Amino acid sequence: MLHLASTTDDRWVRRAEAHIDEILLDHAHCEKKAASTALSLIFRYPERPSLMIPLSRLAREELAHFEEVVAILRRRVPATVAERVELFDVAELEACLLAHP
Ligand SMILES: [Fe+2]
């Protein structure tokens, strides 16, 4: 369990359930960005060798998360959309999902 400090509003839960593909897509982008940021930090701070291995591990972990979310999206969205998941930005995929309900 997450042991959150407060309860989650049921309205938020219903709204999230109604837009789960968009949330998953946003999540995929967040995972990809986290991996990219970890890699950028490796290049940006070569004078901090103690960060190299932890950042490398973090990049791999976030890419694994990205792959998991993309796999879920591919099971959920139309094949024509799923084929292009890695290429889309959020706005493009949202538009595509609306066009292919
Ligand atoms: Fe992650």
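A residue is called buried here if 20 or more other C-beta atoms lie within 10 Å of its own, exposed if 12 or fewer do, and partly exposed in between, with C-beta atoms placed from the backbone. By that rule, buried residues make up 12% of the 101 residues in the chain. The structure is a predicted model, in which local features need pLDDT of at least 70 and side-chain atom pairs count only at pLDDT 80 or more, while totals for chains, interfaces and linings use all residues. Residue numbers start from 1 along each chain as its sequence is written.

The chain holds five helices and zero strands, and its pattern along the sequence reads α-α-α-α-α. Helices (H or I, at least four residues) and strands (E, at least two) are DSSP runs, numbered from the N terminus. Of the contacts in the chain with a separation of 6 or more, 55% are between residues 24 or more positions apart. Two residues are in contact if their C-beta atoms, placed from the backbone, lie within 7 Å.

**Helices α2 and α3**

Two packed helices are described by the angle between their axes and the distance between the axes. Helix α2 covers residues 20-44 and helix α3 covers residues 52-76; their axes come within 8 Å and cross at roughly 160 degrees. Axes are lines fitted to C-alpha atoms, for helices over the stretch in contact, and angles run from 0 to 180 degrees between N-to-C directions. α2 and α3 are therefore roughly antiparallel to each other, a term for angles over 145 degrees; those under 35 count as roughly parallel, 65 to 115 as roughly perpendicular and the rest as oblique.

The crossing of α2 past α3 is left-handed, that is, the near helix is turned anticlockwise from the far one by less than a right angle (clockwise would be right-handed). The residues of this contact divide into 19 nonpolar, three polar and five charged. In that count Ala, Val, Leu, Ile, Met, Phe, Trp, Tyr, Cys and Pro are nonpolar, Asp, Glu, Lys and Arg are charged, and the others, Gly among them, are polar.

**Residue pairs**

The table lists C-alpha to C-alpha distances for residue pairs.

| Pair | Separation in sequence | C-alpha distance |
|---|---|---|
| Ala64 and Glu31 | 33 residues | 8.6 Å |
| Phe66 and Ala34 | 32 residues | 9.4 Å |
| Cys30 and Phe66 | 36 residues | 8.2 Å |
| Arg76 and Asp21 | 55 residues | 7.4 Å |

Ala64 lies in helix α3 and is exposed, with 11 other C-beta atoms within 10 Å. Arg76 also belongs to helix α3 and counts as partly exposed, with 14 C-beta neighbours inside 10 Å. Cys30 is placed in helix α2; Cys30 is partly exposed, with 14 C-beta neighbours inside 10 Å.

Phe66 is found in helix α3 and counts as buried because 21 C-beta neighbours lie inside 10 Å. Leaving aside neighbours within four places in sequence, Phe66 is in contact with Ala28, Glu31, Lys32 and Ala35. With the same exclusion, Ala28 is in contact with Phe66, Val69, Val70 and Leu73.

A nonpolar core is a set of buried Ala, Val, Leu, Ile, Met, Phe, Trp, Tyr and Cys residues joined through C-beta atoms within 7 Å. The largest such core has six residues: Leu25, Ala28, Phe66, Val69, Leu73 and Val77. α2 and α3 are the elements that give two or more residues to this core, and α3 supplies the largest share, three residues.
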